[in-house]
Amino acid sequence: MTAPIPAHGDHVRIHHGDEVADPFEWLRDKEDPAVIAHLEAENAYTDERLAHLKPLQEAIFDEIKTRTLETDLSVPVRSGDWWYLRRTAEGQQYPTFSRVPADGDDMPDLVPGDILPGEELILDCPALAEGQEFFSLGAFTVSEDHTRLAYSVDLSGDERFDATVVDIATGDVLDDALRGIGAGLVFSADGTRLHYTRVNDAWRSFQSWRHAVGASAETDELLLQEDDEKFAIYQGRARTGTHLVIGTYSTTSTEFQLVDLADTASRPVVVAARRPGLEYAVEVADDHLLVVHNANHVGFELARAPLGTSEPDEWATILAPAEGERIESVDYFDAAAVVSLRSGGLATVRVVPRVDGAWDVEAAWDVTSGGELDTVEVGDNRMTDAPRLRYELTSLLIPTTTCEVDFATREVTVLRETPVPGYDRAAYTERRIWVEADDGVSIPVSLVARADVVPDGTNPGHLYGYGSYEVCVDPGFVVSRLSLLDRGVVCAIAHVRGGGEMGRHWYEQGKLLAKRNTFTDFVAVARALVDAGWVAPGRLAAEGGSAGGLLMGAAVNLAPDAFRAIVAVVPFVDALTTILDPSLPLTVGEWEEWGDPLHDADVYAYMKGYTPYENIKAAEYPAILAVTSLNDIRVFYVEPAKWVARLRETVTSDQGERPILLRCEMVAGHGGRSGRYDKWRERAEELAFVLEQLDAQ
């Protein structure tokens, strides 16, 4: 087969006096049969070009499967008088959810495959997903008296969910009136009401509603509507169970409101009115609020506030960040405030004890296990009166490990390390290295390799990056990565600016009119891996998804010679076209991240200078595999479809040796395929593509 060649349309974009021909913009209309035919032709072409890799794909799939305990269960989580757990079974794509009565404080014994005494199945996802090409569980919440379950599902990938309420004891459906809503659900204290959100035509969560269980949705009560297109609503239940916490977020400002869940007629009460630049989040304590905010520190701080309306100057500081720290969130317990923060470029947890009703910051201590790349994060803690904190520990070499630490004694108990059959941690090494960026800034890089691999300039390499929205790509264990490591591939994560790994300033140096730092940082890391001998020249692959896909496209335009292969997953590669159109999902809210090119000529020129689709060179490019989904509402399939078409007609490389491919899932969303076996096959295809290009099969 020859590569599909879409026809040229006559679309022209004109902004700020700049006229740009965009011949592939017609691919945006997914209702056009010609568009669907083109995407199907792309899939067929990709199938044929990768057909010879089927044995390698199957081998990688089998490796992932073999290293996964297919019949397994989660560590049970205590809530009230029950332990809740999730199970997977061999051959099943999706988990089941069940519970067992609590008998004292001891957690039930964990034996994969064995049903526990008194265990009740409360949600059977394999049954719900039967016959569906796509299945995603949105909400899963139990009423305070543990008699009702509310859950929601998405069957197309477009992130609109249908909700169901069932009686747990009988399995009877009590309500199925809510359709096409947001993902989250929260019960009122008495279980008779359900709080949910709705999204508008631009997929912005803009309304908070209260629904009477069993009633028609037409009688629902609108609690809050957010009309400012820069803001979206996210809500959840306070861990105390007393309040619905409604947050309205933009990139640079937040506002929170509280609804009393014990009063089914209560209305939202604002904590602190929004103001430009003020970001805060609240955690309900028993008689006050714990607030994480940036009114005084760029690294945020933890403060105490009245349980009600207040202003930032009324918030009493509990914990301020040290140099280089970024306080991110807080979880309230009767015994302590548990603070999630970043320190030294890593995620960590700090415990601030509560003594005689006061928060004793002088007695604060960190939860740590001392590893150079350890990621420590707060786990699932439902009960505020718990005497212990559950947390998760992982690294590039440590499978996710669930631990508990006693607030009083600081004694740590390892509840469970995720089993990885056949894995020998001693066979690999991990380390942190630093790379100098173009402007002299030191970029942290997390690196892992087989223990016998040395930096002698001969190794294949794989470099991952993201670098947007202050998102942190922390070191964590990934089973599929072992298939690269065992073939001698050196794997690295570039913690480039635009992410939040090194604190708020790290993010600010990689957004708006400083966005280019994200791309040049990544190229600097790529070249440094070769210069240091970790990777051989011509044997480096790079990967990123979503905004990380933008990073892939921009970096390869800057330095196509630095990479042999690129995997770009749901890539944001036509960024300027998207951010120019306020009618598209989520665009207006993105102006605070990228700038507003629609109204600002300088932003327009800056973005046009880096957006991948518009800066492809007539040069030798790496092999490229772009992966997308037809129903993705965050990054439309049209972006990689256009990008691939323009790459093919512009680059000078031999596309027989370095193919440019598009894989489009026809029933999926931003996360790709939904079933775990399907995801493993998807990943096996991507890794086989990379390994062939790196000559590391």
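**Figure 1. A salt bridge between E665 and R673.** Buried means under 20% relative accessible area, and partly exposed lies between that and 50%. With a relative accessible area of 14%, E665 is therefore buried in this predicted model. The side chains of E665 and R673 meet at 2.9 Å, taken from N to O.

**Figure 2. An edge-to-face pair, Y332 and W359.** Welcome to the aromatic side chains: the count of aromatic pairs comes to 17. In this view, the ring centres of Y332 and W359 are 6.2 Å apart and the planes stand at 85 degrees, so the pair is edge-to-face. Y332 belongs to strand β24 (residues 326–332) and W359 to strand β27 (residues 358–359), so the pair ties together parts that are 27 residues apart in sequence. Y332 is buried, with a relative accessible area of 2%, and W359 also counts as buried, at 12%.

**Figure 3. Y677 and W680 pair within helix α12.** Here the rings are 4.9 Å from centre to centre, with 75 degrees between the planes, and the pair is edge-to-face. Y677 and W680 are three residues apart in helix α12 (residues 676–693), which separates them by about one helical turn. Both Y677 and W680 are buried.

**Figure 4. R487 meets E63 in a salt bridge.** The structure holds 45 salt bridges, and in this one the closest N and O atoms are 2.8 Å apart. R487 lies in the loop between α4 (481–485) and β36 (490–494), while E63 is in helix α2 (residues 54–66), so the pair ties together parts that are 424 residues apart in sequence.

**Figure 5. R267 and E221 link distant parts of the chain.** Their side chains form a salt bridge at 2.8 Å, N to O. R267 is found in the loop between β18 (254–260) and β19 (269–270), and E221 in strand β15 (residues 221–225), 46 residues apart. R267 is partly exposed, with a relative accessible area of 40%, and E221 is partly exposed too, at 28%.

**Figure 6. A network of salt bridges.** To finish the tour, find D22, E25, R28, D574 and K642, which are linked in this network.

Notes
Residues are numbered from 1 along each chain as its sequence is written. This is a predicted model: local features need pLDDT of at least 70, side-chain atom pairs count only at pLDDT 80 or more; totals for chains, interfaces and linings use all residues. Side-chain values use heavy atoms; hydrogens and water are left out. Rings of Phe, Tyr and Trp (its six-membered ring) pair if their centres lie within 6.5 Å; planes under 30 degrees apart count as stacked, over 60 as edge-to-face and the rest as tilted. Helices (H or I, at least four residues) and strands (E, at least two) are DSSP runs, numbered from the N terminus. Buried means under 20% relative accessible area, exposed over 50%, partly exposed in between (1.4 Å probe, protein chains only). A salt bridge is a side-chain nitrogen of Lys or Arg within 4 Å of a carboxyl oxygen of Asp or Glu.
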